[in-house]
Amino acid sequence: SIAETSCKTISDGEPTVSIVVPCLNERCRIEAAIQSILTQEPPAGEFEVIVADGMSDDGTREILANLARSDPRLKVIDNPARITSCGMNAGIRHARGQYIAIMGAHNHYAPDYLRSSLEVSQRTGADNVGGSMICLGESWLQHAIAIAHHSPFSVGGARWHNVDYEGPADTVFGGFYRREVFDRVGLFDETLVRNQDDELNLRLTRAGGKIWHSPRIKSWYFPRAGLAAVFRQYLQYGYWKIRVIQKHRLPASIRHLVPGSFVFSSIALACLGLFWPPALWAWLGMFGVYLCCAVIASMITAAKRGWNYLPILPLVFACYHFGYGVGFLRGVVDFLILRRVPADRFTTLTRSSAQPLPRR
């Protein structure tokens, strides 16, 4: 078992933490991310950092090599599959800690992130804990995308998007796992390009495990910087959600079905409206309701975060919803109807180092 062969301590008598960081072409952000990890306030015992690099070719590997030479706690391993789930699994297999912290190569972490994670895990008895991933922006548009990320309207009320929420959740960002979790429910599913953490947490909760979100655990993150990038990102999330549903024969939440149902209804009514006018009126009414909801949600968000973002917020929300919905329907066709191999654009993580990869 993983726990029996690998669960060791770096210092005697105290629990230790292994930090696993999957990484691919993160030249612009990797050094800051690793430094914010290496300068963590130590939890009870020591910690190690394992970066699983997906054969980066943008200079990331050279940066990591320099960092590893200056700090023996950092170890860099290869992830030739270049898939996030494969990298996380490789890191877990090399890890020695009693706790496994999955952390990102494009995030900045509060100095007490690890210590708070361990304290919350021990206080709640949860199998996996996570906290507030606070989105930031470097441009007006990226700021708008960041604040939309935290709106219940963009994500159907997913609890982990609420930076102030404390309590049980169906998934969390990153994750701080008790090591024995991976013996109980297995490692991350390496057939999933996206949603691999979501799927593992679904297995965990259905096995009776407990997941906890706490605002004490803080990190900061830069989302996609453009609308087309957000659309493509959520296209993949929606697409791979079908594979998760296919595997478990039931969606984790009804909110995962809403964008795909909306897009399908839109297409069906528009086609039917060519021959039956009442369907066209229904199509217009449905879009009118959606537009009203998007405008109201945009006004609520802008009132809290700045009215200068109001003009673009409805379009940002649409990228979240329609990207996810279109990807979901394409997933239905590929996985459920045709049962064919996914197209390249759904299996390849193409991004620059300035475009980090968040999780839904």
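Predicted model: local features only at pLDDT ≥ 70, side-chain atom pairs only at ≥ 80, totals over all residues.
Student: How far is the sulfur of Cys23 from the closest cysteine sulfur, and which residue holds that one?
Tutor: The closest is in Cys28, 12 Å away.

Student: Is Cys23 buried or exposed?
Tutor: Cys23 counts as buried, because its relative accessibility is 5%, and the cut-off for buried is under 20%.

Student: What about Cys319? Which cysteine sulfur is closest to that one?
Tutor: The one in Cys135, at 15 Å. Again, that is too far for a bond. Cys319 is buried as well, with a relative accessible area of 10%.

Student: New topic. How many helices and strands does the protein chain have?
Tutor: It has 14 helices and nine strands.

Student: And what is its radius of gyration?
Tutor: The protein chain has 21 Å. A compact globule of 360 residues would have a value near 21 Å, so the two agree. Along its principal axes, the C-alpha trace spans about 75 × 45 × 40 Å.

Student: How much of the chain is buried?
Tutor: Of the 360 residues, 56% count as buried. The chain exposes about 15,000 Å². Carbon and sulfur atoms supply 61% of that area.

Student: Last one, charges. How many side chains are positive and how many negative?
Tutor: There are 38 positive and 30 negative ones. The centres of the two sets lie 7 Å apart.

Technical notes. Residues numbered from 1 in each chain as written. Heavy atoms only, no water. Helix = DSSP H or I, 4+ residues; strand = E, 2+ residues; numbered from the N terminus. Rg over C-alpha atoms; globule rule 2.2 N^0.38 Å. Buried < 20%, exposed > 50% of the residue type's maximum accessible area, 1.4 Å probe, protein only. Areas by Shrake-Rupley, 256 points an atom, 1.4 Å probe, with all protein chains shown as cover. Lys, Arg positive; Asp, Glu negative; His and termini not counted. Charge placed at Lys NZ, Arg CZ, Asp CG, Glu CD. Disulfide = S-S within 2.5 Å.
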